[in-house]
Amino acid sequence: MKYYSKQKKTPLTEEEIKEKHKEIYEEMREVLSWKKEEEEKLKDPKSSPQKKGAAKRALKKVARRIDTVQGQIIYWDLRVKGESHFKAGIERNEYWARCNEEKSDN
């Protein structure tokens, strides 16, 4: 029985890694602007109670998304510095585990 011995995907080139790194920082900017919008909805005295409730729920989603994107930033920063996918993935997963522990402690 013959097994597939080659990598199924080719490794990313340096340009692709830098492009992904740039994209994840752009995504963080988008998430932070989303957070700002939701906080403004909460502060607005003209907002209805339903709108404020929706903003509070959205802020929980924003916090989760910020943690996710921050983990991706850690991963791509390490990849740009020359670390392997394996080591960068471990660092990212450790960060996510810390975030989950902090949320479960609260």
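This report describes the helices, nonpolar core, salt bridges and aromatic pair of a predicted model.

Residues are numbered from 1 along each chain as its sequence is written, and side-chain values use heavy atoms, with hydrogens and water left out. Because the model is predicted, local features need pLDDT of at least 70 and side-chain atom pairs count only at pLDDT 80 or more, whereas totals for chains, interfaces and linings use all residues.

## Helices and core

Helices are taken as DSSP runs (H or I, at least four residues) and are numbered from the N terminus. Helix H2 has 32 residues and reaches 46 Å from its first C-alpha to its last, close to the 46 Å expected at 1.5 Å a residue, where the expected span is 1.5 Å times one less than the number of residues. H2 is followed by Gly-82, whose phi is positive, near 105°.

The largest nonpolar core holds 12 residues in all, namely Ile-17, Ile-24, Met-28, Val-31, Val-62, Ile-66, Val-69, Ile-73, Tyr-75, Trp-76, Leu-78 and Ala-88. Such a core is a set of buried Ala, Val, Leu, Ile, Met, Phe, Trp, Tyr and Cys residues joined through side-chain atoms within 4.5 Å; buried means under 20% relative accessible area, exposed over 50%, and partly exposed in between, with a 1.4 Å probe and protein chains only. The elements that give two or more residues to this core are helix H1 (14-43) and helix H2 (49-80), and H2 gives the most, with seven residues. Val-69, one of the core residues, touches Ile-24, Glu-27, Met-28 and Val-31 when residues up to four places away in sequence are not counted, contact meaning heavy atoms within 4.5 Å.

Glu-38 is found in helix H1 and is buried, with a relative accessible area of 6%. Leaving aside neighbours within four places in sequence, Glu-38 is in contact with Ala-55, Ala-58 and Leu-59. Leu-42, also found in helix H1, is partly exposed at 27% relative accessibility, and under the rule that leaves aside neighbours within four places, Leu-42 is in contact with Lys-52, Ala-55, Lys-56 and Leu-59. Leu-42 and Ala-55 are 13 residues apart in sequence and 6.4 Å apart in space, C-alpha to C-alpha.

## Salt bridges

Side chains of opposite charge can pair when their charged atoms come close. A salt bridge is counted here when a side-chain nitrogen of Lys or Arg lies within 4 Å of a carboxyl oxygen of Asp or Glu, and by this rule the count comes to four.

Lys-41 and Glu-38, by contrast, both lie in helix H1, three residues apart, about one turn of the helix; here Lys-41 is partly exposed at 32%, whereas Glu-38 counts as buried at 6%. In the remaining pair of the table, Lys-87 is partly exposed at 40% relative accessibility and Glu-83 is partly exposed at 29%.

## Helix H3

Helix H3 (residues 85-105) has 21 residues and reaches 30 Å from its first C-alpha to its last, close to the 30 Å expected at 1.5 Å a residue. The buried residues of H3 are Ala-88, Gly-89, Arg-92, Tyr-95 and Cys-99. They cover an arc of only 125° around the axis and therefore lie on the same side of H3, the arc being that of the directions from the helix axis to the C-beta atoms. What covers these buried residues includes H2, while Phe-86, Ser-104 and Asp-105 are exposed on the other side of H3.

## The aromatic pair

A search of the whole structure finds one aromatic pair. The rings of Tyr-75 and Trp-76 have their centres 4.8 Å apart and their planes at 90°, so the pair is edge-to-face. Rings of Phe, Tyr and Trp (its six-membered ring) pair if their centres lie within 6.5 Å, and planes under 30 degrees apart count as stacked, over 60 as edge-to-face and the rest as tilted. Tyr-75 is buried, with a relative accessible area of 5%, and Trp-76 counts as buried at 10%.
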